[in-house]
Amino acid sequence: MKTNLANLKTTLQGNVCEILFEKRRPKPGDSSQRRMLCTLDQTLLNSVNGRTTLNYRPPTQAPKYNPESKNLLPVWDIIMQDWRMVNLDNCQILNTIAENNFFEYFNESIYPMSADEKRAYMGT
C-alpha cells in the first residue's frame with residue numbers, strides 16, 4: 001500500500017513496518033529500491049529488548065535541516081540498528097507488525113538471518 005509521510009509516521013509510532021522505498025541516491029550496481037524494517041514506537045524501542053536486542057539509542061542531535069520539507073522521515077532501522085532517512089516520494093508499506101507481536105516475529109524471522117541474507121532482504 002502506497003503511503004505518505006503523515007500516514008507512515010503515525011503508523012510507525014505504534015507498530016513496526018516493513019517498507020519499500022526509492023533510494024534518493026542509488027549507488028551504481030545497487031538496486032534503486034530499499035526494503036527496511038523500521039519503527040518509531042518509543043515503548044518498543046525503550047524496552048529492555050529494544051535497548052539490548054535492537055541496540056536502540058535516542059538521537060543525539062537534530063538534523064541540520066527539516067527532513068519533512070524534503071519529504072523524508074527519520075526512522076529506527078531495525079536491521080541496520082541505526083537511524084535512517086526514508087524517502088517518501090515513492091514508499092509502500094508491505095507489512096505492519098503490532099508492538100506486542102514484534103519480538104516473536106523478530107526471533108523467528110530476522111534474528112536467524114546471516115549477514116548476506118540481511119543484505120539480500122534490504123536489497124543492497
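How exposed is Arg 84, in terms of relative accessible area? The figure is 27%, so Arg 84 is partly exposed. Keep in mind that this is a predicted model.

Arg 84 takes part in a salt bridge with Asp 82, and the closest N and O atoms of the two are 3.6 Å apart. Asp 82 counts as partly exposed as well, with 24% relative accessibility. Salt bridges with shared partners bring Arg 57 together with Asp 82 and Arg 84 in one network.

Next, strand β2. Take Ile 19 as an example: its bridge partner in β6 is Ile 93, and its bridge partner in β3 is Met 36.

Back to salt bridges. The count for the model is 6. One of them is between the side chains of Glu 18 and Arg 35, at 2.9 Å from N to O. Glu 18 sits in β2 and Arg 35 in β3, so this pair ties together parts that are 17 residues apart in sequence. Glu 18 has 9% relative accessibility; buried means under 20%, so Glu 18 counts as buried. Arg 35, at 26%, is partly exposed.

The last pair is Arg 34 with Asp 77, a salt bridge whose closest N and O atoms are 2.6 Å apart. Arg 34 belongs to β3 and Asp 77 to strand β4, residues 72-77, and the pair links distant parts of the chain, 43 residues apart. Here both residues, Arg 34 and Asp 77, are buried.

Note on methods:
Residues are numbered from 1 along each chain as its sequence is written. This is a predicted model: local features need pLDDT of at least 70, side-chain atom pairs count only at pLDDT 80 or more; totals for chains, interfaces and linings use all residues. Side-chain values use heavy atoms; hydrogens and water are left out. Two strands pair if DSSP finds at least two bridges between them. Helices (H or I, at least four residues) and strands (E, at least two) are DSSP runs, numbered from the N terminus. A salt bridge is a side-chain nitrogen of Lys or Arg within 4 Å of a carboxyl oxygen of Asp or Glu. Buried means under 20% relative accessible area, exposed over 50%, partly exposed in between (1.4 Å probe, protein chains only).
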